[in-house]
Amino acid sequence: STSSENVIKVDENLQLKSLQITDNSSASAENMLLSSPAVGHRFDKMSDDGGDIIVSNELPRITIVVAGHVDAGKSTLIGNLLFKTGNVSQKLMHQFEKESTAIGKSSFRFAWVMDETKSERQRGVTIDIAEKMLRLPDRVITLFDAPGHRDFVGNMIKGASLADAALLVVPASEGDFESSMAENSQTREHALLLHALGIRELVVAVNKMDQVGPVPWSQSRFCFVEYELRAFLQQEVGFEAHQLQFVPVSGLLAENLVSVSSGCHLRDWYPEGPTLLQAMLRLEPASRLPAVRALVVSAAEGDLSEPQRLSVRVLQGTVRCGRRYAYYSPSRSSSEGCEECLVVGRVGRLWTTKEGSQEEPCEQLLPGQSGTLLLSVVSTSSSNSSSAVGACAGAVLFKGPSSRPHCCRLFEATLHTAKQLPLPLIPGLQCELLLCGAEFQCHIAQIHCLLPDRPYDGTTVFKVPTMKSKKPKCIPAGKSALVSIAIDGGASVVIDSLSVCPALARFALRSRGTTYAVGTCELSRK
């Protein structure tokens, strides 16, 4: 029945209007209470996707994370690409050129488009994820410039977990490429993480081709780099040949980003392209599942008595003004678990985030969009509503009782260990768990069994063996296993099944600056 659903109609100006059709049963909707079954409440009628037909004149959108080894030239390449496509003004570039020259770093002028903080510009190293919009006539591309330094891999994972596809930047210059492919290099780690986090389309930008010696733009050098990387990406990481594109470029000179200049030697053996932009336009957005999931990026402090201002990024589904969404709230009471405090709020106002952090009022946020909303609390599942607090960074807004994410302190997961491990993984090992941009302290509570040797694709779901068998004592390097992971410090983690929200199911385990394993959540326990 559609009697309790919103029906979207479109007027001549293509403005979305919501017409609420009600009947006698709609009164219960006003008393809606989304809460945990553990405390004896029930979900109100609330469809997984909001029950609406999405009608939008928005351009197609795709999110691309830019990854690679430190000093591969990622920020310079993306900054120059934005400039050449008209997404950065000549006036701003002139300002960056003047300021960077004044401190003796004129070659960093394009990198400053992405590296905006004083610390990043002084050190010449990207620290946090930088987000920019590449607006084209027929598509909008969100670019996440990920840090290449091993100290900031957590930030790289945050960007990769929100991306549809990836741009892997590698230096072609002699010595630089070899060091970027050494054991424990960030090229290797980033590629493994990208695949583990669900990235299935990869453009490889072979950068600094103008610095190849003794002959710049050497075809043999490009072929060598492509051969080495293809072997690694397909045999060790798990990408398929049709998922990879290799493009020779010079980020500093902007050669083959959008076009190739007439005097460039690349024309001699690369006459038909594609350019980097053309390769990026061939990428298709990952399929979005209907269940609504929106990650809270930041939140204004406050309690539940007043509307709370939240900055969010929509992982999947559509967030609409006037609709109700739920989230798990931390509790002030140490005896009350996060999984027992479910808060339902109504979105009062909604803004989409434009270039330069400018906000524009809107009626809905589509998958991949970032924005700000005002959320007014309607109800909570806690018997003592004063014990609940507002949403915080890392919380997840969701909609739909049949696809509710799990809030837990113990869950089962499929792990795939790195091929280079300092020591085998054993029960009790303490690690950092990185999930959808959030970081939690955890430990491996139990190793249930080792799994058959096969390339890890991040999609296979395994179950705990029902028959009694001797449990392994450790997980060696390059092996897969089914384990239980416990969150430390009394914290809880919000996870989801892979079939409902992949971004909340894939994670990485790191310790002492090294990625030990990647995995997918399977089951949850309180």
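**Entry 1: terms and model.** A residue is called buried when its relative accessible area is under 20%, exposed when it is over 50%, and partly exposed in between. I note at the outset that the model I consulted is predicted.

**Entry 2: salt bridges.** I searched the whole structure for salt bridges and found seven. In general, side chains of opposite charge can pair when their charged atoms come close.

I began with Glu178, which forms a salt bridge with Arg221; the closest N and O atoms are 3.2 Å apart. Glu178 belongs to helix 6 (residues 176–180) and Arg221 to helix 8, so the pair ties together parts that are 43 residues apart in sequence.

Next I recorded the salt bridge between the side chains of Glu236 and Arg188, at 3.7 Å from N to O. Glu236 is in helix 8 and Arg188 in helix 7 (residues 186–196), so I noted a link between distant parts of the chain, 48 residues apart.

Arg309 is partly exposed at 35% relative accessible area, and Glu359 is partly exposed at 37%.

Entry 3: In what order do the six strands of the open sheet stand? I read the order as 4-5-3-6-7-8, with mixed pairing. Strand 4 (130–136) and strand 8 (244–248) are the edge strands; each has a single partner strand, so one side of each has no neighbour in the sheet. From one strand to the next, the twist averages 25°.

I followed strand 4 to its partner, strand 5 (residues 139–145): the two run antiparallel and are joined by seven bridges. As one instance, Ala130 has Asp145 in strand 5 as its bridge partner. I also traced helix 8 (residues 219–237), which lies across strand 6 (165–171), strand 7 (202–207) and strand 8, and runs at about 155° to strand 8.

Entry 4: In soluble globular proteins, nonpolar side chains tend to be buried together. The largest nonpolar core here has 121 residues, and those that touch the most other members are Leu167, Leu233, Leu276, Phe411, Leu415, Ile485 and Phe507. A second, separate core has 20 residues, among them Ala294, Leu304, Val312 and Leu373.

I then listed the contacts of Ile485, setting aside neighbours within four places in sequence. They include Phe411, Leu415 and Phe507, as well as Arg409, Cys442 and His443.

**Entry 5: cysteines.** How many disulfides does the model contain? A pair of cysteine sulfur atoms must lie within 2.5 Å to be counted, and the count comes to zero disulfides. I examined Cys436 to see why: the closest cysteine sulfur, in Cys501, is 6.8 Å from its own, too far for a bond. Cys436 counts as buried because its relative accessibility is 5%, whereas Cys474, at 27%, counts as partly exposed.

Definitions and conventions: Residues are numbered from 1 along each chain as its sequence is written. This is a predicted model: local features need pLDDT of at least 70, side-chain atom pairs count only at pLDDT 80 or more; totals for chains, interfaces and linings use all residues. Side-chain values use heavy atoms; hydrogens and water are left out. Buried means under 20% relative accessible area, exposed over 50%, partly exposed in between (1.4 Å probe, protein chains only). A nonpolar core is a set of buried Ala, Val, Leu, Ile, Met, Phe, Trp, Tyr and Cys residues joined through side-chain atoms within 4.5 Å. Contact means heavy atoms within 4.5 Å. Two strands pair if DSSP finds at least two bridges between them. Helices (H or I, at least four residues) and strands (E, at least two) are DSSP runs, numbered from the N terminus. Axes are lines fitted to C-alpha atoms, for helices over the stretch in contact, and angles run from 0 to 180 degrees between N-to-C directions. A salt bridge is a side-chain nitrogen of Lys or Arg within 4 Å of a carboxyl oxygen of Asp or Glu.
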